Structure formats: C-alpha cells, structure tokens
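This report covers selected local features of one protein model. Please read it alongside the sequence and the 3D view.

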Amino acid sequence: MSFNQNLSHFLSQSDAVGQILFGLLLLMSVTSWYFIAVKAWQGRLARRRSNQFLSEFWNAASLDEVAQSLHQHRDEEPFSHLTYHAINASRHHAKHGTQRLQEAGSAGEFLTRAIRRVIDEETAKLEWGLTVLASVASTAPFIGLFGTVWGVYHALIGIGQSGQGSLEQIAGPVGEALIMTGLGLAVAIPAVLAYNDCVRSNRVLLAQLDAFAHDLFAFLTTGSAIEPSAAPANPAQKLTLVSVGAE
C-alpha cells in the first residue's frame, strides 16, 4: 500500500481530533513555505539593491550628489534608507538647532539617535516572519507526535474491541498512525533550515549596516558638514558639502 493510500485510510479512520491535527500541520506547512519563499525573494532583492546603492554611494563625487539622488529615487533597502535619514537628520539639526526635546544634545548625539532608530526599524523588518518559522519548527514535531499517540490509542482500542490481536492486525493501524510523526518532521525541518539561514543572513547584513553607519556618521560629523546653500530665493534649497577644516 502506498503512502497516499495509507494516509487516506488513516484520515478516513481518524476521529475529529486526528483530522484537526492533520489540518493544523497542513496549515503550518503552507504558512512556513509562504514565509520561506517571501523571505528568500526579499533577501535576494535587498542584496541586489544594497550592492547597487553602495556602489553608487562610494563612487559619488560628493554627499550632496548622494542626497539629490536619494531625493529623486530611494529604494526600500537598509543602506539607502539609513543614508537618507542620516543626511536629513544632519541637515535638520544644522538648520533648526535644538528647538525641541527630541533634538536636544549636540549634532553628533542627534545624528546617533537618528541612526539608531533607523537600524532598529531595519532590524524589525528583517525579523519579520522569523517568529512564525521558529514556532513551526519547535511545535510541529510535537503536534505530529501527539497525532501518532492519539492514532495508536484509537487503533489499539479498535483492535481490543474486535478481539483480533495478531501482528498483522496491529501493524497496519499503528504504522498508519506513525504517519503523523513523519508529517510533523516534514513540516518542521524546512522551517528550521530556513530560520537558521535567515538568522545568519540577518546577522551578516546588520553587521555590514552597522559598519556603514559608523562610516556615514564619521563622514557627516568629522569629514564634512551639511549646510544650506546661500541661495535663499530658491524654495528647494540645494545642499552644499563644506569641509570642516575650512570652517
């Protein structure tokens, strides 16, 4: 008898509890594969866009050029998001100073808070879906095991009531009940592998983002400063890059 026939026979002989457990495992499998596919697609897209932005950033002639490029077009990826908000924070503090409690402190402290806020946002985005994968990976084997125990119990009860206790009569129902354990493992293993891969990828990306944040912070606070240009007639004031040593 094939696996599909065993599974069909097991489900037809199961009560409501066994069928609910099977449906729960099926739902967990579909959900985990959805997050696996979405996270894989998002990760590949983010890596490609991040590499493209970093290449454009380090090849730009000035920070003003980067700011103008981000103002015209900004992808939803961590590095451009961080750069955009860091430049805006530096420009805002240079223009308005400390008028509110949110802006208290030096320009470096205000910029540090802005960078930390963006990194926290990006961390939350990267961790989206990981809780589901971890939950599926940790609970699916036990749900499958419970389904097996429940199936074996009912199989033995049925055999005892029929009065037929031969090995042939026991092996079939018990073997079919073990299908639930296999299903639980089949649901959990992909979720475990995907979770570990996502955690590793997120750790590498966040380390790169943190290193880039240090470079960006140093560039904005010590290497150069963003100040409004001396052309107030233009409502869309262009930012000019002024060397700190020239101030």
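Helices here are DSSP runs of H or I with at least four residues, and strands are runs of E with at least two, both numbered from the N terminus.

Together with I189 and L193, L185 makes a nonpolar surface patch of about 300 Å². Patch members need over 30% relative accessible area and no salt bridge; nonpolar side chains (Val, Leu, Ile, Met, Phe, Trp, Tyr) are joined within 5 Å, and like charges within 9 Å. Areas come from the Shrake-Rupley method with a 1.4 Å probe, and for residues only the protein chains shown count as cover.

## Basis of the model

The model is predicted: local features need pLDDT of at least 70, side-chain atom pairs count only at pLDDT 80 or more, and totals for chains, interfaces and linings use all residues. Residues are numbered from 1 along each chain as its sequence is written, and side-chain values use heavy atoms, leaving out hydrogens and water.

## Annotated transmembrane regions

An unreviewed UniProt entry places the feature "transmembrane region" at residues 20–41, 132–157 and 177–195. Such positions are given in the numbering used here, with shortened feature names, and annotations may be inferred rather than shown by experiment.

In the model, residues 20–41 are 100% helix and 0% strand, with end C-alpha atoms 32 Å apart. Residues 132–157 are likewise 100% helix and 0% strand, and their end C-alpha atoms lie 36 Å apart.

## T148 in helix α6

T148 belongs to helix α6 (residues 130–162). Its relative accessibility is 5%, so T148 counts as buried. Apart from neighbours within four places in sequence, T148 contacts A177, L178, M180 and T181, where contact means heavy atoms within 4.5 Å.

K125 pairs with E122, their closest N and O atoms being 3.7 Å apart. Both residues lie in helix α5 (residues 107–126), three residues apart, about one turn of the helix. K125 is partly exposed at 43% relative accessible area, whereas E122 is buried at 5%.

Conventions
A salt bridge is a side-chain nitrogen of Lys or Arg within 4 Å of a carboxyl oxygen of Asp or Glu. Buried means under 20% relative accessible area, exposed over 50%, partly exposed in between (1.4 Å probe, protein chains only).
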